[in-house]
Amino acid sequence: MTLDFSRPGILPCQAIEALIAAGAVTSATPFDADQVQPASLDLRLGARVWRVRASFLPGDRRVEERLKDVAMHQIDLEGGAVLEKGCVYIAELQERLKLPPGLLARANPKSSSGRVDVFVRLLTDRGLAFDDVAEGYDGPLYLEIAPQTFSVLVRPGTRLNQLRLKAGEPPRLETRSVGVELSEGIIGFRGRRHAGIIDLDREDGHDPRDFWEPLEARSRDGRPGELLLDPGEFYILASMESVEIPVDQAAEMTPIDPSVGEFRVHYAGFFDPGFGTDEAHGAGSRGVLEVRTHDTPFLLEHGQTVARLVYEPLTERPERLYGEGGSHYQRQGLKLSKHFRVWPEG
Ligand SMILES: O=c1ccn([C@H]2C[C@H](O)[C@@H](COP(=O)(O)OP(=O)(O)OP(=O)(O)O)O2)c(=O)[nH]1
């Protein structure tokens with residue numbers, strides 16, 4: 001395969017695989033079979049993590065140089081280690097980049113990290129912005145990790161974020177508003193304070209009732225539903241509309257502009273090509289929203305716009321669509337992260 005980056009767009013899985021074969025993306029250990037997703041690459045924690053006093057951007061220095069100013073102590077992840085809620089960590093990642101000219105990248109948390117309120121951002125040497133990888137970047141990758149609601153157990157190889165490789169700056173094809181579903185039954189979950197530890201490599205293994213409080217629909221004066229967001233609490237909600245991403249596009253869910261409300265959908269979420277489409281057996285999928293309000297209580301109404309989906313083109317159709325491999329969220333409704341068993345009926 002020739003690597004041609006003249007057409008702006010997000011690279012599909014076959015192009016990411018070609019980049020790996022060409023040595024533009026390397027790793028300290030062999031890549032996992034399912035690491036390349038339809039239009040993104042999952043990144044894996046290395047063995048070393050530092051507990052830091054404060055988050056930072058490297059500016060004109062390397063991350064390792066900057067770390068010396070803020071590191072409190074180093075943790076070895078071999079055998080597993082708990083990252084405590086309320087603390088900030090910097091981890092080294094196993095993958096390393098040597099991007100050819102014309103290619104840049106952008107990272108975002110995996111949906112599963114967002115759903116358990118683990119705040120993560122990518123750092124690069126001499127990086128001026130979180131999650132952005134400059135064109136032609138040649139160097140290591142690091143991850144800032146700040147668990148907000150739950151403490152989490154991680155190991156070398158745990159995947160918390162993913163990288164989209166981009167030829168140039170893809171145009172924005174469309175922007176769609178996302179409304180919130182608050183109308184009937186269980187409309188959401190609120191994270192319990194002082195819950196136990198979530199093992200981020202254990203799927204379907206945690207009882208959701210130990211970590212989440214279900215929220216029932218509340219209507220007032222015949223109006224369809226509302227929810228009072230408490231400052232500092234973390235909520236999982238669902239979109240009112242079903243979401244569909246064409247097979248040759250991807251989308252990013254961006255937080256709402258603060259003029260519409262002092263709350264935000266917590267993390268910019270990445271939506272894979274084919275998510276919610278008939279072709280990938282996903283028709284009717286909702287978007288799952290991670291929501292918190294900052295300083296003031298905020299009353300949300302059913303259908304209120306809480307986020308926007310920005311659609312971008314791929315350079316070509318991916319050979320695999322979301323849902324064709326072992327995906328967790330195709331056809332989802334209101335869905336907690338893959339670490340939890342299904343919410344019990346009744
Ligand atoms: O805020 C978000 C972000 C993503 N998604 C959906 C769309 C996306 O295509 C799917 C999977 O996202 P991601 O690949 O980040 O999830 P994962 O944690 O890697 O799970 P999987 O193992 O299914 O890939 O979840 C949401 O509903 N909300």
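**Chat about a predicted model**

Trainee: What is the relative accessible area of Arg-155?

Mentor: Arg-155 has a relative accessible area of 26%, so the residue is partly exposed, a label that lies between buried, under 20%, and exposed, over 50%, with a 1.4 Å probe and protein chains only. Keep in mind that this is a predicted model, in which local features need pLDDT of at least 70 and side-chain atom pairs count only at pLDDT 80 or more, while totals for chains, interfaces and linings use all residues. Residues are numbered from 1 along each chain as its sequence is written, and side-chain values use heavy atoms, leaving out hydrogens and water.

Trainee: Where does Arg-155 sit, and what is it in contact with?

Mentor: Arg-155 belongs to the loop between β12 (152–154) and β13; strands (E, at least two residues) and helices (H or I, at least four) are DSSP runs numbered from the N terminus. Once its neighbours within four places in sequence are left aside, its contacts are Leu-45, Leu-77, Gly-80, Asp-199 and Asp-201, where contact means heavy atoms within 4.5 Å. Leu-309, by comparison, is 154 residues from Arg-155 in sequence and 32 Å from it in space, C-alpha to C-alpha.

Trainee: New topic, then: how many aromatic pairs are there?

Mentor: The structure has eight, a pair being rings of Phe, Tyr or Trp (its six-membered ring) with centres within 6.5 Å, called stacked when the planes are under 30 degrees apart, edge-to-face when over 60 and tilted otherwise. In one of them, Trp-212 and Phe-234, the centres are 6.1 Å apart and the planes lie at 45°, so this pair is tilted. It joins distant parts of the chain, since the two residues are 22 apart, with Trp-212 in strand β17 (residues 212–216) and Phe-234 in the loop between β19 (223–229) and β20 (235–242).

Trainee: Which ring does Arg-115 sit over?

Mentor: The charged end of Arg-115 is placed over the ring of Tyr-329, 3.6 Å from the ring centre, and here "over" requires NZ of Lys or CZ of Arg within 6 Å of the centre and within 35 degrees of the ring normal. Arg-121 likewise lies over the face of Phe-130, 3.6 Å from the centre of that ring.

Trainee: Moving on to helices, how many residues of α1 are buried?

Mentor: Seven of the nine residues in α1 (residues 13–21) are buried, among them Cys-13, Ile-16 and Leu-19. Their cover includes β2 (25–27), β4 (40–52) and β8 (103–109), and the helix is followed by Gly-23, which has a positive phi near 85°.

Trainee: Which residues are buried in α2?

Mentor: In α2 (residues 63–70) the buried residues are Val-63, Leu-67 and Val-70. Viewed down the helix axis they fall within an arc of 65°, so they line one face of α2; the arc is taken from the directions that run from the helix axis to the C-beta atoms.
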